[in-house]
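Biologist: I am new to this structure. Could you show me how to read its features?
Modeller: Gladly. Let us look at it together.

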Amino acid sequence: MAERLLEVTDLSTHFFTYAGEVKAVDGVSFTLDRDETLGIVGESGSGKTVTAMSVMRLIPDPPGRIVGGTIVHKGRDLLAVSKEEMSDIRGNDVAMIFQDPMTSLNPVFKIGDQIAEVIRRHQGKSKRESWKMAVDLLAKVGIPDPEERVNQYPFEYSGGMRQRAMIAMAISCNPDILIADEPTTALDVTIQAQIMDVIREMQAQYHSGVIMITHDLGVVAQMADKVMVMYGGRTLEDGPVDEVYYNAHHPYTWGLLGSLPRLDETEKQRLTPIEGQPPNLLLLPAGCPFSGRCLYEMPVCAGEFPALEMVEPGHGVHCWIPVAEREKIRAGLPQFVHRVPS
Amino acid sequence: MSAILEVGDLKKHFPIRSGVLKRTTGHVYAVDGVSFAIQEGETLGLVGESGCGKSTTGRVLLRLLPATGGSVLFDGLDVMAAPRAALQRLRRDMQIVFQDPYACLNPRRTVKNIIAEPLRIHDIGTEAERKRRVFELLETVGLTVEHAERYPHEFSGGQRQRIGVARALALNPRLIICDEPVSALDVSIQAQMINLLEDLQKELKLTYLFIAHDLSVVKHISDRVAVMYLGKIVEIADSKLLYVKPQHPYTEALLSAVPIPDPRTERKRRRVILEGDVPSPANPPSGCVFHPRCPRMQPDPCTIAMPPLEVVGTAGADQKVACYFPTLYDPAGGSPASA
Ligand SMILES: Nc1ncnc2c1ncn2[C@@H]1O[C@H](COP(=O)(O)OP(=O)(O)OP(=O)(O)O)[C@@H](O)[C@H]1O
Ligand SMILES: Nc1ncnc2c1ncn2[C@@H]1O[C@H](COP(=O)(O)OP(=O)(O)OP(=O)(O)O)[C@@H](O)[C@H]1O
Ligand SMILES: [Mg+2]
Ligand SMILES: [Mg+2]
């Protein structure tokens, strides 16, 4: 059995705003093992970033607060450790790369100084040593001419290079857990392919657990071992990627898969979008957040959120539709014609 | 079918000015010799990475920006030389929908006024007729008459994009340039929009130039696809053919970089990972614009002259490529390079 790095149970993070209480994350649970990649997928506002920020304990308070649940990192409860300890953990054990690298790169300092500073702070290396390590790290993430480039400022880097520099900084302390929050959303696909390659290589070398946050089901299919599908702050379905892609049990997952044009489609197939608009988190029903848009909604759905149901080992779903009924509905969906469980 | 739009050797070079005297010290070669034709009723996709010149191409076509050179014929009529009155007429036939619907919808005007604006500018119909037309358009794009008196900020991104489409349709155009119309939308909303655009095309016999950087979307909606790189079209082909038999090494890399939402397919794929970044269009490489990142580059001829966009080998007239060393497929079949 691989080492369990992270166990998040029933996490709830809410924001207390003047307009009301936003349940940005509501009862979310997942685990991450060494060498494993978890994909968190969901549309804008579904709570992906807030989940990651909660694990990092970087939720701005006020207005936000983790109101429930536990986050256990290698046996240690991260919600119980002091601010100082947490800051240590962030440097050494759990690292995060953000969608916009400029949120963690300071425009007025050289890239090299910024990476070296992190190394100095967390590993107590000398100035010289940490500078040399910065050059090595830049080389490792594929920055050309690292000896030269280490002296440059963030604005002298392209978007892809900045993202590489962020990865260099994140892996500088050899973290167990790397959280990548839409690391390539702003980048072109050929650059995205380079960055994904770097992340895979880093993971193979350091045996880290990776949490890949994205709205792109293609990226999840390419990178992840397992996936958690979020909507309106809730997990609706999670499991090994093959389970979720070929044996999906939640109508929202079906909807996502039906919404995607596929590059490899040979016959043009009409997309089957999810009707309606994304939910307003202030007006979410007490029950399933997808009720209101769900084609198969029943009277119970909006009132109460369904309990976790395991459809296969490791594959869980929250849905009121009886399992046999779900399988029957799914068999008639065009997006599942070529998508059969093995 | 006949060509509704014919573009020949289109160029747009933006001057770079610097110094106190703002002298021109160089140029951004945003669009640099682009040629293609669009048949009436078809969708031509224009795909390529950020900064390759897609939007500039669209704007120059509509004369929203003056061209540096080249020709554009709409229905045989010379767009570049059209006098004011003719241009006015052309502007009714050719419309554009932008990526960010918020940026181009006046926040202080109601949806009704926004959609009726082109009608008013072109002095079409009475107030009552315009109102009826607006209601009709709202329904066409999947909104309702109740939406007419509201303001843009009251709508979601997907709904605002529908407002943009309704306005583009107001004058019954024949060609719509869609510049990243779904790029800012969530996948579920994106799919609604794609279906809407497809339905409108069928119903209203529209022709689209569909600009986007997402190859899966472009391939899905387009009959043919043109791949741009640094201001040039490097390959243009029937969209299925482009996926199955790409000839340009850049097309191959682009195709192989797009993740497919199918884990088993992903595990089987061979990936071509390009090195380095796209060079600056202010300082494009000599010869073939792709040569610095190209795995097949030979100093002679690749660094010397840009290869012409032409039919190569046994490829049919549906596929043109600008490469000295294109992938050739044997006519009996050939395997997809990116599967
Ligand atoms: N500081 C904050 N104050 C109030 N609400 C917040 C704050 N940060 C996040 N939220 C809310 O929490 C919800 C979840 O946001 P989150 O950023 O986690 O979404 P996401 O899934 O990462 O979306 P995206 O794909 O757009 O990045 C949103 O409705 C957001 O408005
Ligand atoms: N008004 C302008 N003045 C100077 N340069 C410009 C101007 N407009 C565009 N450019 C430059 O021309 C090149 C092509 O830009 P364009 O917007 O056409 O690219 P694009 O393919 O649409 O990219 P994206 O996918 O990012 O929208 C870029 O290098 C851009 O910086
Ligand atoms: Mg986010
Ligand atoms: Mg553009």
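Biologist: What is the order of the strands in the open sheet of chain B?
Modeller: This is a predicted model. The open sheet has four strands, and they run in the order β2-β1-β4-β5 (chain B), with antiparallel pairing.

Biologist: Which are the edge strands of chain B?
Modeller: Look for strands that pair on one side only; here they are β2 (23–39) and β5 (77–78) of chain B.

Biologist: How many bridges join β1 and β4 of chain B?
Modeller: Five bridges, in the antiparallel sense, link β1 (residues 3–18) to β4 (residues 69–74) of chain B. For one example, find B:G8: its bridge partner in β4(B) is B:S71.

Biologist: Which strands does helix α1 of chain B touch?
Modeller: Helix α1 (residues 54–61) of chain B packs on the sheet and touches β1, β2 and β4 of chain B. The direction of α1 makes about 115 degrees with that of β1(B).

Biologist: Now the two chains. What is the area buried between chain A and chain B?
Modeller: Interface size is often given as the accessible area lost when the parts come together. Here about 4,100 Å² is buried between chain A and chain B, and carbon and sulfur atoms give 53% of that. In chain A, the residues that lose the most area to chain B are A:T190, A:L263 and A:R270. Together they make up 17% of what that side buries.

Biologist: How many salt bridges are there between chain A and chain B?
Modeller: Four. In one salt bridge, the side chains of A:R262 and B:D262 meet at 3.1 Å, N to O.

Technical notes:
Residues are numbered from 1 along each chain as its sequence is written. Chains are lettered from A and ligands numbered from 1 in the order in which they are written. This is a predicted model: local features need pLDDT of at least 70, side-chain atom pairs count only at pLDDT 80 or more; totals for chains, interfaces and linings use all residues. Side-chain values use heavy atoms; hydrogens and water are left out. Two strands pair if DSSP finds at least two bridges between them. Helices (H or I, at least four residues) and strands (E, at least two) are DSSP runs, numbered from the N terminus. Contact means heavy atoms within 4.5 Å. Axes are lines fitted to C-alpha atoms, for helices over the stretch in contact, and angles run from 0 to 180 degrees between N-to-C directions. Buried area is the accessible area (1.4 Å probe) that two parts lose on being put together, summed over both.
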